[in-house]
Amino acid sequence: MRDVVMGLAVAALACAGPASARQAKVEEMSVAQLQALMANGQADSVEITKAYLARIDSMDRKGPTLRSVIAINPDALEQARALDAERRKGRLRGPLHGIPILIKDNIETADPIATTAGSLALADNVTRRDAPVVALLRKAGAVILGKTNLSEWANIRSTHAMSGWSAVGGLVRNPYALDRTACGSSSGSGAAIAASFAAIAVGTETDGSVVCPSSVNGLVGFKPSIGLVSRTHVVPISHSQDTPGPMGRSVRDVALMLSAMVGPDPADPATSNAVAQDYAAGLRSDAPAGMRVGVIRPKTMSAALSERYDQALAALRAAGAVLVDVGVPDLKGLGDAEQTVLMTELKADLDTYLATTPPAVKTRSLDQIIAFNRAHVAEEMPFFAQELFEQAAETRGLSDPAYRAARSLSVRLAGAEGIDAMLKAARAQILVEPTYDAAWLSDPVHGDQYGGPSASELPAVAGYPHLTVPMGLVRGMPVGLSFIASKGADALVLGTGYAYEQKARARRAPRYLPQADVGPGLTGR
């Protein structure tokens, strides 16, 4: 029933208002191209918003049935009309003026839609408040088109989870092959932008949840340094590692969005030194000329990924980079230490967040969420359980010496003895490696089954910037190239990724195949 209601709502919004003879073309359009349409009078924000709504209506619950959008904002067209009126009066707020964007559904907006984190326990979580990051984007002129589906609770509930599934939104499908994962937890943001349901979206990452869905959906995704972007009014996992991050189809679009997201928030002490800047202004195709780049070669790469990686490295070399191989240090204990931190902070931070939700939300602690899931097993736990929630419920709080020791160890291993040590060994400013291998099958029986390389852990734990940029297809599925540097080097990472992107031109649009194109070998002769 919810799918029917949402479909009717999207269709009604797409057709709302006076009929127009113009139909804005939005597929694969960049922010700059959409701005050019509006500047030249070829389309306005209302027409662009309607075009995205029509595309969502025809593809998200119909056609390929991507299930990437969890809710449409009923005020989207009203926002677009107001911004069009400002444009007619000569007032432009910046490069995002009138641009529809999507927001991951663990980030609050003041619009009349719930922030659910994919859970039925938060179905009534209509807070009518903007997260500061949303307020900044709104101030910059963005139209809040709707909310994207996600791995429920940002993929922190179970060790056997299936990425991209939530009880509220169902399973997000990968636009490149519908049987493959869109990855978690910003799966809906990844699939939606790949499918041109908007030009840009906000995701969130604790460890991999911006860069993984970006990599496997053929996108650019950026996890900023911790402290650049506020986390207030974002359903939390870990105050040490959580951050919103921009996702788009180009480095420039991501840089434009990041520029509007950065700023200090008194409620989030980590952002006390955050200073807004124009991250797009400094993007240059010759950025890596003479730059030493440390090259990580994961042992778990498939032959196909290794070949694609070599081609990406050749493009970097052609852009002027000096490539230096670097080994990954033995960081024994990092995984266990990170897990202790995440479990401890999950209980503390989620309990704090739930206490601020409206009275209509009856689950006001992690323990009550666990009880809710047990009472609604058929809806909430049809495929996997909540082992991680139960583990987090047993933690002893932020004053626990074991937690504090784990946090100190994890930061040291990931930062000083990890990324910083590799940069020093290579005398490099930046590191590169494959973000992930190609997307795996969505499997409700066994959950996520992946044993390939992953670039996310070290920058996630250390709080350092991490950018993924498309480096082409492996058996028809996208893979990404990661750019990683020390904390605060966000502009450097974006600039290097942009130069690579301009040289490689490796992104390919999705084809919405029913299954991955693996060739004729399965059928024999």
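1. Axes here are lines fitted to C-alpha atoms, for helices over the stretch in contact, with angles running from 0 to 180 degrees between N-to-C directions. Helices are DSSP runs of H or I with at least four residues, strands are runs of E with at least two, and both are numbered from the N terminus. A friendly reminder: this is a predicted model, where local features need pLDDT of at least 70, side-chain atom pairs count only at pLDDT 80 or more, and totals for chains, interfaces and linings use all residues. Residues are numbered from 1 along each chain as its sequence is written, and side-chain values use heavy atoms, without hydrogens and water.

2. Do look at helix α11 (residues 334-354) on helix α15 (residues 401-426): they pack at an angle of about 130°, their axes 8 Å apart. That makes α11 oblique to α15 (under 35 degrees is roughly parallel, over 145 roughly antiparallel, 65 to 115 roughly perpendicular, the rest oblique). Contact means heavy atoms within 4.5 Å; among the residues making this one are Leu334 and Val341 of α11 and Leu409 and Leu413 of α15.

3. Helix α7 (residues 187-194) is mostly covered, with eight of its eight residues buried (under 20% relative accessible area; exposed is over 50%, partly exposed in between; 1.4 Å probe, protein chains only). Its buried residues pack against β2 (100-104), β3 (143-148), β6 (200-205), α8 (211-216) and β8 (243-248). Just after α7, Ser196 has a positive phi of about 60°.

4. Thr232 sits in the loop between β7 (220-223) and β8, yet is buried, at 15% relative accessible area. Its neighbours, leaving out residues up to four places away in sequence, are Ala131, Pro132, Asp265, Ala267 and Asp268.
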